[in-house]
Amino acid sequence: MPACIAAALAALVALAIGGCGTVKDQYAASADAQQRAAFESAADTKAGASIDTKATYLRVVEQMQNEGLWFASLAHIDALEQRWGVSPESTRARADALRQTGQADLSEAAYKRLTGTPLEGAGYRGLGLLAGARGSYPEAVQLLKQAQRQSPTDALLLSDLGYANLRAGQIADARMPLMQALQLSPNNTQAQANLALYLEATDQSEQANKLMEANRMPASSRAAVRAAAQQLRTGAPLAATDTVPLAVHPLSSGTTLVRDDVAPPPLALKASRWAGTGGVRTASQLNPSTADSAASPNPTARGTP
């Protein structure tokens with residue numbers, strides 16, 4: 001092992017064991033999580049020295065982002081682009097990381113640079129998520145529709161689009177993308193919650209209850225769905241859902257961080273999940289109403305979220 005890498009590893013291990021728990025930062029995770037991140041960063045530093053292709057390095061960055069290490073991934077994107085130059089793939093990774101680390105202006109500029117590239121759809125999706133985060137839901141709908149044209153079977157994108165429709169007051173337009181999202185990805189908890197919200201908001205409470213029961217949704221999430229549906233029906237503003245502090249907890253699906261002790265809100269333009277086990281869904285559970293079943297795609301269909 002080169003001496004510089006060994007020294008870096010030793011320094012990171014000493015930091016993880018010694019004093020990282022003393023940092024007073026509102027975004028700081030627990031000491032255990034910080035130690036885990038430090039050891040992973042050390043491993044990534046070692047791996048980075050031996051990576052010899054851009055594709056391999058992009059996979060390392062993707063894995064880090066899947067584990068919620070968004071700040072660290074930005075450093076690796078810098079290293080990647082210094083070595084191999086800027087590409088649409090690195091620009092997308094950078095834009096996602098900037099959005100996840102609260103740097104909206106820089107993120108927006110990066111997403112816009114994807115226009116005219118093979119990843120233009122990802123750019124529109126990111127811009128739509130940013131619009132939703134600032135409460136501009138009609139704008140978010142239009143941007144997410146542009147993304148959908150390029151990725152029509154992306155379940156998470158369809159769920160985001162349906163939710164944006166609901167928040168924009170376009171209740172009827174939310175039905176199709178939310179039905180498609182759930183049937184393309186039946187185990188996705190965000191798609192389940194957003195469809196339940198649509199059913200509650202359209203006075204189909206019995207079907208909403210069946211859907212939530214079938215997927216073993218926690219009581220706190222069911223209450224949040226019902227409260228949000230009531231707000232949608234009355235036109236009252238929905239409560240903010242993105243201000244709850246989140247503890248570090250990596251997800252296999254990779255797009256957000258959640259808390260183990262509190263069910264995350266079902267209402268957000270981002271993927272999330274609650275603790276619990278989803279049951280096996282039948283065709284009738286995937287088609288919550290008779291009217292929906294006639295227009296719904298194959299209930300056994302699957303897509304890549």
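Reader: Where does R216 lie?

Author: In this predicted model, R216 sits in the loop between α12 and α13.

Reader: And why is R216 called exposed?

Author: Its relative accessible area is 52%. Exposed means over 50%, so R216 counts as exposed.

Reader: What is the phi of R216?

Author: The phi of R216 is near 55 degrees, a positive value in a residue other than glycine. Most residues other than glycine have a negative phi.

Reader: What is the phi of D203, and where does D203 lie?

Author: D203 is not a glycine either, yet has a positive phi of about 60 degrees. Its place is the loop between α11 (189–201) and α12 (205–214).

Reader: What makes D203 exposed?

Author: D203 has a relative accessible area of 63%. The cut-off for exposed is over 50%, so D203 is exposed.

Reader: How do you know that Q231 is partly exposed?

Author: Q231, in helix α13 (residues 219–234), has a relative accessible area of 23%. Buried would need under 20% and exposed over 50%, so Q231 falls in between and is partly exposed.

Reader: Let's turn to the rings. How many aromatic pairs does the structure hold?

Author: There are two aromatic pairs. One of them is formed by Y57 and W84, with 6.1 Å centre to centre and 90 degrees between the planes.

Reader: What makes Y137 and Y163 an edge-to-face pair?

Author: Their centres are 6.3 Å apart and their planes 90 degrees. The limits are within 6.5 Å and over 60 degrees, so Y137 and Y163 form an edge-to-face pair. Y137 lies in helix α8 (residues 137–150) and Y163 in helix α9 (residues 155–167), so the pair ties together parts 26 residues apart in sequence.

Reader: Are Y137 and Y163 buried or exposed?

Author: Y137 has a relative accessible area of 11%, and Y163 has 1% relative accessibility. Buried means under 20%, so Y137 is buried, and so is Y163.

Key: Residues are numbered from 1 along each chain as its sequence is written. This is a predicted model: local features need pLDDT of at least 70, side-chain atom pairs count only at pLDDT 80 or more; totals for chains, interfaces and linings use all residues. Side-chain values use heavy atoms; hydrogens and water are left out. Helices (H or I, at least four residues) and strands (E, at least two) are DSSP runs, numbered from the N terminus. Buried means under 20% relative accessible area, exposed over 50%, partly exposed in between (1.4 Å probe, protein chains only). Rings of Phe, Tyr and Trp (its six-membered ring) pair if their centres lie within 6.5 Å; planes under 30 degrees apart count as stacked, over 60 as edge-to-face and the rest as tilted.
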